[in-house]
Amino acid sequence: MKVKVIVTLKNGVLDPQGKAIQQTLNGMSFDNVSEVRQGKYFDIEVKESDEIKAKTQVEDMCKKLLANLVIEDYKIL
Amino acid sequence: MKSSVIIFPGSNCDRDMDVALKKFGFKNQMVWHNDDEIPKSDLIVLPGGFSYGDYLRCGSIAGKSKIIKSVIDFANSGGLVLGICNGFQILTETGLLPGILQQNKYLNFICKNVFVKIKNKENKFFKDIKKEVLELHIAHNEGNYFCSNDELKSIEDNDQIAVTYCDQKGNDDEENNPNGALKNIAGVFSKNKNILGMMPHPERMIDQYLSGEDGSLFFENLIGSF
Amino acid sequence: MIEVNEKIAIEHGLKKDEYKKICDLLKRTPNITELGVFSAMWNEHCSYKSSKRHLKKLHTKGKQVIQGPGENAGVVDIDDNDAIVFKIESHNHPSFIEPYQGAATGVGGIMRDVFTMGARPIANLNSIHFGSPDHEKTRNLLRGVVKGIGGYGNCIGVPTIAGQTCFDESYNGNILVNAMTLGLVNKNKIFYSKAAGVNKPVIYVGSKTGRDGIHGASMASAIFDDKIEEKKPTVQVGDPFTEKLLLEACLELMAGKSIISIQDMGAAGLTSSSIEMASKGDLGIEIDLTKVPCREENMTPYEIMLSESQERMLIVLEEGKEKEAKKIFDKWNLDFAVIGKTTDSRNIELFFKNEKVAEIPIDFLAENAPMYDRKWIKSELPKKNSFSKDQFKSLKLGECLNKILQDPNISDKEWIWSQYDHTVMGDTIQRPGGDAGVVRVHGTNKAVAAAVDSSATYCNAHPLTGGKQVVCESWRNMISVGAKPIAITNCLNFGNPEKEKNMGEFVECVEGISEASKYLNYPVVSGNVSFYNETKDKGIKPTPSIGGIGLLANYKKMITMELKNNGNYLFVIGKTEGHLDQSVFARNILSKFEGPPPEVNLFNEKQNGLITLKLINNNLIETCHDVSLGGILTALSKMSIKGNKGINIFPINGLVNKFQYFFGEDQGRYIIEIKQENLENVEKILKNDSIHFDKLGLIEGNEISYGNDLKISIDDIKQGYKKWLSEYMVN
């Protein structure tokens, strides 16, 4: 089955990309954009039909590789 | 001949380009991205670097900057525009050149000398260069040229491929492809051949102490083409 | 408000008696903000409390020195009003936790130290040490660190021209990431951190302040808020794009006359930068923390003072220049805020929302900071191994050579440096992979050479000798490219100074460095100390990294290490005694790990170096390479591989056997290539100065051969030499 994961920077961690994108959007007259924070999205195909088992495995992947928990959070969708 | 080098926040090859253009006889001026217009020029250069940190996609934010409209107008009126490295990425993001530059196939930044084969000399950029193969220098993380099959057919039909990665003898096969670029494409022209974007940096190869002088051939031809 | 007590002080890394001293000095209990300020200023990193008394022994003077240790970076004169600002700094712990950001912000920090002084960075270097290649973490740490160094330096557009990578199991749990930057400045336009004058505006520029890197304070912040995970990102994130803007904006402002003093907000952020400026100027400083641009909501005075958010600077301006300065920072889209002023109180006074939240005499933080004379033990020089003939009997030169060339610490590092932009700025005339990187001084005939060296194995075997050896190695690397060695910067990476053994290693390495740099007139002008490099009670090997720079008056005289032409002769300058203890050969081939490092003879070192430089300056030699790790045969192989030329080695006539001759790591040696027409002249010069040299061989063919004992094609050794790292990284 397919598991979807979003990895984002933790609140409070500087997001240089998000900041630059926000400034550009403001410059393009999207004036009411006050913050942009970007992240990564993963589609992971796991050879596993049991949803709970699949998600447990993906959770492990998140902790070990996909996210660095020092600065990032992950969310399994 | 007058040239203008556009400086975006994060450009970092602007000085190198200025040095090279002046060395070969251009009267060069530096233009700030937030300026309203570009002074009268025969050539506009978008230099290498990391404009706006290359955040979002390389060149994408520079492609939305204030000065770009003037660059587009200049190009559309037939003016000569050169984009090197990040400049090439900006030109594709503005739509002035076809395709896009993706991350290198092996995911690493690459800094090294490469050979490129000149594919089309019927243009001001390469007209009188005697050599067929030039030794230039690349330094990029996103130089993996890509375009759709339709686009590829169209740029091939129009002879828009400018240079391809190759070996010393000019074999532009997969073995000599440093970054995974489609058809080894290192640089492309616009339809009218007045715009050139390429990943290699000729401005880093302009005297013998910089491990090569083929960049000089490029600039000598360029100033001579006016 | 949190009640401060001894427990909280200890959680801030202060010792019991240090906390007592604070209370005694203040004659009251500090509040939490004041405690934070004290803990930051009194910790090892800012106060140098364990190292200071020993660092005083370093040789820091010389005609060429404009600024020695104590400023943001050292400055040396390179003639014609040009000066080089340079420094090396560690970012070890953050790089182990988050290799990409740790390494990136290390590079960012050292570049700020350099452009803070008004210099435009012209070259970056680095020295990185990882655990054993077999250790599960090594590969990812290496990948992350290399990407981080490249990600930051490449983006700023400063070439990374040289570096050093080592592997050793002592770094398994504690890698080293030392970054070095060189900048170019007009010697009459150098900016210092010393503030002057009362009522001068204090300006904050750069990025906004967030909760990045607030360290030593985990428990304290837990008390602030129950959502500690949310509030406590302790790894700083770098933004090279903002740094590039900050660099250009600062240099633009520096072109005018409005700056009195300027300081980068590095370790301990606003705390150390503001206190240092005031302390050096014998002034007080008043800051309204409400005016500090913050990225996050509800930041407390404590957090604002201790934040280590990157890409920020503190400036003391001339009065009335605020508008002019703001215009420049607006142009570059950077934050700019007047946050305070200098005073004559000699106190630091902090305000927040119209309330005074801290007041401390500056002297308490700087001059009264604790200083320790820690106990240390001297290392004995280990006994020499005696090698019997039998140990060499079954060995083949070619097999040994191949094995050594594939050693992680010897093999080619192109996989690393090809990921660093080393040619941007258009002045790199010697790229990574040689003895030193060389960049031209833009628009002149001059060039500056730079290299970083360390040799933890030697330092571990005998710290005093090791300390000397690293300085000599650095000096040789300058000579080998034709540069006159000028000065060094040192990054002293050691274990726990509270342990006598580790402290002894530190003290004796510093003594060694001092002795060699004095003898060679190669003074230390900047540096930093990184202690507590240990995991689970196990310290790293003592690892002083030495960053050296040298000057070429005429860049056209620079030479390189690759062999040039068939028919030319090779000499080795310096005597080969065949010292195998602590050599790569002893460890890799003979599995002998004990014994003393090679002896350093400073007299020979200097003589041999100066004569080599003379030969280069007189255009008498074509190629030069110093002999270091792996000995003569390893050096020859690298020269062969790079130049794609073979060598016919002449029979050796010494008292040592061929393994000792070819793999011994005796110091003070250079291999040089000489044209037939210059042979006589070179021999005469060497003999006149009583310099020992051996005629080593002749360049010919495409093999390295030594009688019947060795015949190996360059393609073969090249493959082994080039493949180790790239194959390692793919697996």
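Select chain A and display its open sheet, in which 3 strands run in the order 2-1-3 with antiparallel pairing; strands are DSSP runs of E with at least two residues, helices are runs of H or I with at least four residues, and both are numbered from the N terminus. Two strands pair if DSSP finds at least two bridges between them. This is a predicted model, in which local features need pLDDT of at least 70, side-chain atom pairs count only at pLDDT 80 or more, and totals for chains, interfaces and linings use all residues. Residues are numbered from 1 along each chain as its sequence is written, and chains are lettered from A and ligands numbered from 1 in the order in which they are written.

Next, colour strand 2 (39-45) and strand 3 (72-76) of chain A, the edge strands, each of which pairs on one side only.

Then select strand 1 (residues 2-9) of chain A, which pairs with strand 3 of chain A in the antiparallel sense over 5 bridges. Within strand 3 of chain A, Tyr74(A) is the bridge partner of Val7(A).

Move to the interface of chains B and C, where 22 residues of chain B are in contact with 22 residues of chain C; contact requires C-beta atoms, placed from the backbone, within 7 Å. On the chain B side, helix 1 (14-23), strand 6 (110-118) and strand 7 (133-140) each supply at least two residues. Strand 6 of chain B gives the largest share, 3 residues.

Finally, select the contact between chains C and A, formed by 17 residues from chain C and 10 residues from chain A. On the chain C side, helix 10 (228-231) and helix 11 (240-254) each supply at least two residues.

Definitions and conventions:
Contact = placed C-beta atoms within 7 Å.
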